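Notebook open, model loaded. I'm jotting down what I look up as I go, starting with charged pairs and moving on to sheets and cores.

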Amino acid sequence: MKKLMLGNEAIARGAYEAGVSVAAAYPGTPSSEILKEFGKYKDVYAEWSPNEKVALEVGCGASIGGARTLVTMKHVGVNVAADPLYTFAYTGVTGGLVLISADDPGMHSSQNEQDNRGYGRFAKLPVIEPSDGQEAKDYTKLAFDISEKYDTPVMVRVTTRLSHSQTLVEDGECIEPEIKDYQKNAAKYVMLPAYARARHVEVEKRMQLLKEYAETSELNKIEWASKEIGIITSGIAYQYVKEAMPEASVLKLGIVHPLPKDLIRTFAEQVETLIVVEELEPVFEEQIKSWGIDVKGKEYFSVLGEYSPELIEERLKNKELDNTLNLQNEIPPRPPLMCPGCPHRGVFYTLKRMKVTVMGDIGCYTLGALSPLDGMDACICMGASIGTALGMEKARGKDFTKKLVSVIGDSTFVHSGITSLVDVVYNQGSSTVLILDNDTTAMTGHQDHPATGITLQNKPTKKLDLELLVKAVGIENVQVVDPLNLDDLKKALEDELNRDEPSVIITKRPCALIDNTLSKEKYYVDIEECNGCKVCTRIGCTGIYYIEDDKKAAISNTCVGCGLCPQVCKFDAIKKVEG
C-alpha cells in the first residue's frame with residue numbers, strides 16, 4: 001500500500017524493511033526526522049548520540065557485533081565522524097552499515113554548502129543517491145545488501161529538497177533482523193599498521209568490484225529520447241531535468257561513486273552534446289573530463305545553491321524565467337528571530353549592553369548575532385566557541401578576557417564543547433563560558449540529549465549534571481542563573497569577567513516552546529506611562545511592537561509572558577495584568 005512520506009520517513013522505512021535493529025545519530029537539519037521515525041518501529045534500538053563521531057562509533061560496534069546498523073547525520077556532521085569513517089572503510093563490516101549524509105544545497109540551515117559525494121572518493125566508499133521518496137526507501141534497503149556483499153560501509157547521500165518533500169511510497173516486505181555470529185578477527189578489525197596495510201589491499205580490490213557493479217547496476221540507467229542533448233545527472237537534480245528537459249536523453253546515476261566509466265562513455269558517444277547537471281561541486285564533470293570525454297556542466301550552472309526546473313530551462317534553452325507566478329509587490333523582508341519568550345534573548349541583550357566580545361556556536365541562539373541584538377562576533381562550527389575564545393585570549397592576552405565570553409548551548413556543549421573546556425583548564429585560560437541550558441536540542445526540533453534525562457525512545461535515563469561536570473574538569477567558579485532575570489545575569493557576568501581564572505555561567509531556563517509556565521503571566525503597555533523611547537523593542541521580541549502613529553509600544557498576541565520587556569522599560573510602562 002502506498003503512503004505519503006517525507007523522504008526522511010522513507011529512509012527510516014527502508015532501514016526497517018532491511019532488518020536494521022540498531023541506529024544512532026546526532027540531530028542535524030535536514031536529517032533529524034530519520035531517527036525519530038525509525039525509533040517508532042518495534043523491536044529496534046535507536047539513540048541520540050552526543051555527536052556524530054560517537055554515533056558512527058556506536059554503529060561500527062553494532063556492525064562488528066553482527067547487526068545491520070543505520071547511522072544518520074547532516075553533511076557537516078560527517079566531518080565530525082570522518083576519523084572513524086575512513087578507518088571503518090578499511091575494516092569493513094559484519095552486519096551491513098549505512099551512513100546517511102543529508103546535504104544542504106542553499107544552506108537553509110547550515111554553515112556551509114559542502115558536497116559529500118567527495119567523501120566517496122577520499123574514504124573509498126560506495127555512495128548512492130536517490131531522487132525521490134520511493135527511491136530513498138528502496139536504495140536504503142539495497143544499500144545494506146551492497147554493504148554486506150562488498151564488505152564496506154555505504155553512504156546514502158540525500159539533499160534537503162528530498163529529505164523534506166513528500167511523495168507516495170509503497171511499503172515492502174520486512175526482513176527479520178538477523179544478528180550474525182560474532183567471531184574474533186583481529187586482522188580485520190584491529191587497525192595496527194601491519195593489519196591496516198593488508199586491509200588497504202582489500203579496499204582496492206573491493207573498489208574494483210564496485211566499479212564493475214556500477215557498470216551494470218539497475219541504479220544507473222539510460223532513458224533515451226532525442227540524442228541532440230544527453231544529460232548526466234543524479235538525485236533531486238534528475239527530477240528537475242525531467243521536468244525542464246523532457247526531450248533530452250538522460251543518464252540517471254544512482255551510484256554516484258564509483259562512476260560507471262564504460263556506461264558513461266557509451267552514452268557520450270551516442271549524443272551530440274553531453275551536459276552534466278549536478279548541484280554544488282563538479283564531481284561528475286571533472287571525473288568525466290579526466291577520461292577524455294567532451295562534456296559541459298559548470299559553463300551553464302553555478303556551484304552555488306539549489307537548482308530548479310526553471311533554472312535548468314533558462315540555462316539550457318536560453319529561456320527567460322516565467323514571472324507570471326511572482327507577486328506584483330515584493331514581500332517585506334522577515335529575518336529569522338528568536339521565539340517570543342526565548343530564554344536566550346536576555347543573554348544577548350545583556351552582553352550587547354556590556355559591550356562584550358562573544359565567540360558563538362551553532363544552535364538557535366546563533367540568531368543572537370542578528371539585529372537588534374547584534375550579540376555575537378564569530379561562529380565557526382559545532383563546539384568551536386570555547387576553543388575560539390581560548391585562541392583569542394592567547395593572541396591578545398589575559399586582559400582581553402575581561403570583555404570576552406564564549407556562548408554555547410547545552411546540547412552543543414555535550415556534542416563537542418566539553419573537550420574545549422578541558423583545554424581551557426589545562427592550558428590556563430581565564431575566559432568565561434556561558435552554557436545556555438534550555439533543556440533540549442531546540443534548533444533541530446527539540447530532540448533530547450544526555451543532559452535532558454530522556455532517551456530518543458522516550459525512556460527516562462541517568463541525567464548528565466552540567467554543573468557537576470564543569471566542576472569535575474577543573475572549573476572552580478560556576479554560577480547558575482535564570483537568563484530571564486537580567487539583574488542576576490548581569491551581576492554574574494560582572495563577577496566572572498573580573499576573575500583571573502576560567503569560569504562558567506549556566507543560564508538555565510527551558511526553551512519557551514516546551515515551557516508551559518510562561519503563559520500564565522500576561523502584560524500590557526500603560527500608554528499613560530509609555531514615552532515612546534523604543535528601548536523595549538531592542539530586545540527583538542515579536543511579543544512587543546511600536547505603533548508609529550501613536551508613538552507608543554504595544555503588546556502583541558504572540559507574547560508568552562516571559563517578563564523580559566518590563567525589566568528593560570525605564571518608565572514602568574509595561575505592567576502585569578492582575579487577576
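**Entry 1: charged pairs**

I started with Lys402, which comes out as partly exposed at 24% relative accessibility. This is a predicted model, so I'm reading every number with that in mind. Lys402 makes a salt bridge with Asp500, and the closest N and O atoms sit 2.7 Å apart. I then looked up where the two ends belong: Lys402 is in the loop between helix H16 (385-396) and S16, while Asp500 is in the loop between H19 and S19, so the pair ties together parts that are 98 residues apart in sequence. Asp500 is exposed, with a relative accessible area of 53%.

How many salt bridges does the structure hold? I get 40. One of them joins Asp145 to Arg68, with 2.9 Å between the closest N and O atoms. Asp145 belongs to helix H7 (residues 133-149) and Arg68 to the loop between helix H3 (52-64) and strand S4 (69-74), so this pair links parts that are 77 residues apart in sequence. Arg68 counts as buried at 10% relative accessibility, whereas Asp145 is partly exposed at 38%.

Buried or exposed, I wondered, is Arg509? Arg509 is buried, with a relative accessible area of 18%, and Asp515 is buried too, at 11%. The cut-off for buried is under 20%, so Arg509 with its 18% makes it in.

**Entry 2: the six-stranded sheet**

Next I traced an open sheet of six strands. Its order is S15-S14-S16-S17-S19-S18, and the pairing is parallel. Which strands stand at the edges? They are S15 (378-379) and S18 (477-481); each has a single partner strand, so one side of each is left without a neighbour in the sheet.

I zoomed in on one pairing. S14 (residues 357-360) and S16 (residues 404-409) run parallel and share three bridges. Thr357 has Leu404 in S16 as its bridge partner.

Then I looked at the helices over this sheet. H15 (residues 344-353) lies across S14, S16, S17 (432-437) and S19 (503-508), and runs at about 155° to S17. H19 lies across S16, S17, S18 and S19, at about 170° to S18.

**Entry 3: nonpolar cores**

The largest nonpolar core has 57 residues. Phe348, Leu351, Val405, Val407, Phe413, Ile435 and Leu493 have the most contacts inside it. Helix H19 (residues 486-497) gives the largest share of this core, five residues. I checked domains as well: domain 3 (343-508) and domain 4 (523-576) each supply at least three residues to this core.

Leaving aside neighbours within four places in sequence, Ile435 touches Ile408, Gly409, Asp410, Phe413, Leu466, Val470, Val504, Ile505, Ile506 and Thr507.

There is a second, separate core of 39 residues, and its members include Ala15, Phe144, Met207 and Leu219.

I went through the pairings of S11. S9 and S11 (residues 248-253) run antiparallel and are joined by three bridges. Ile222 stands opposite Leu251 in S11, and Lys221 has Lys252 as its bridge partner there. S10 and S11 run parallel, with six bridges between them; Ser226 stands opposite Ala248 in S11.

Why do I call S11 largely enclosed by the rest of the structure? Six of the six residues of S11 are buried, so that is how it counts. Ala248, Val250 and Lys252 point one way from S11, while Ser249, Leu251 and Leu253 point the other way.

Conventions:
Residues numbered from 1 in each chain as written. Predicted model: local features only at pLDDT ≥ 70, side-chain atom pairs only at ≥ 80, totals over all residues. Heavy atoms only, no water. Core = buried A, V, L, I, M, F, W, Y, C linked by side-chain atoms within 4.5 Å. Buried < 20%, exposed > 50% of the residue type's maximum accessible area, 1.4 Å probe, protein only. Helix = DSSP H or I, 4+ residues; strand = E, 2+ residues; numbered from the N terminus. Domains from an automatic or database assignment. Contact = heavy atoms within 4.5 Å. Pairing = 2+ DSSP bridges. Axes fitted to C-alpha atoms, helices over the stretch in contact; angles between N-to-C directions. Salt bridge = Lys/Arg side-chain N within 4 Å of Asp/Glu carboxyl O.
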